[in-house]
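Visitor: I would like to go through this protein with you and ask what the labels rest on.

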Amino acid sequence: MKRKELRFANPYRNTTYTGAPPWHKCATLNNISADYRATIKNAETLDATRRALAFLGHECRRSSEHAGYVPAHLIGVVPYRGRFGEGKIIIQHCTRTHVIFEYWLLKREGGKNGKETE
């Protein structure tokens with residue numbers, strides 16, 4: 001199965017990323033900040049960020065553990081579009097070598113037989 005190629009243009013540093021976003025394999029602060037669409041926030045704003053995403057029509061549908069390191073006092077919020085849907089990922093500290101990805105995806109609209117309508 002061939003991997004879908006995505007391009008991420010960074011207008012601030014005149015670079016183009018092909019393939020997965022820079023934070024996909026190892027989520028560190030440098031890799032997260034290399035994606036110009038990402039934001040890094042204080043961890044005290046985690047609950048406010050979750051409430052804001054819920055207000056904007058997102059819901060937390062899954063979470064998973066990935067390789068990387070984000071200090072306990074910071075979180076990263078990055079855009080996501082993939083096999084689970086479209087929305088945002090909140091990246092937060094787990095251990096010295098792992099982070100937690102919370103997938104906040106747009107709520108699905110129910111159509112006939114529970115299928116999405118477009």
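The questions below take up the labels one at a time.

Guide: This is a predicted model, in which local features need pLDDT of at least 70, side-chain atom pairs count only at pLDDT 80 or more, and totals for chains, interfaces and linings use all residues. Residues are numbered from 1 along each chain as its sequence is written, and side-chain values use heavy atoms, with hydrogens and water left out.

Visitor: Why is histidine 58 called buried?

Guide: Buried means under 20% relative accessible area, exposed means over 50%, and partly exposed lies in between (1.4 Å probe, protein chains only). Histidine 58 has a relative accessible area of 10%, therefore it counts as buried. Histidine 58 belongs to strand 5 (residues 58-69).

Visitor: Which residues is histidine 58 in contact with, leaving aside its neighbours within four places in sequence?

Guide: Contact means heavy atoms within 4.5 Å. Histidine 58 has such contacts with Leu53, Gly87, Lys88, Trp104, Leu105, Leu106 and Lys107.

Visitor: How many residues of strand 6 are buried?

Guide: Strand 6 (residues 74-82) has seven of its nine residues buried, and is mostly covered. Of the 118 residues of the whole protein, 31% count as buried.

Visitor: How do you know that strand 6 pairs with strand 7?

Guide: Two strands pair if DSSP finds at least two bridges between them. Seven bridges join strand 6 to strand 7 (residues 85-93), so the two count as paired, and they run antiparallel. Proline 79 stands opposite lysine 88 in strand 7. A hairpin of two residues links strand 6 and strand 7.

Visitor: What about strand 4 and strand 6?

Guide: Strand 4 (residues 39-42) pairs with strand 6 in the antiparallel sense, over four bridges. The bridge partner of asparagine 42 in strand 6 is leucine 74.

Visitor: Where does pLDDT stay under 50?

Guide: pLDDT is the predictor's confidence in each residue, from 0 to 100. The mean for the protein is 80, and 75% of its residues reach 70 or more. Over residues 1-12 pLDDT stays under 50, although the model has 26 contacts there beyond four places in sequence. Where pLDDT is low, the predicted coordinates should not be read in detail.
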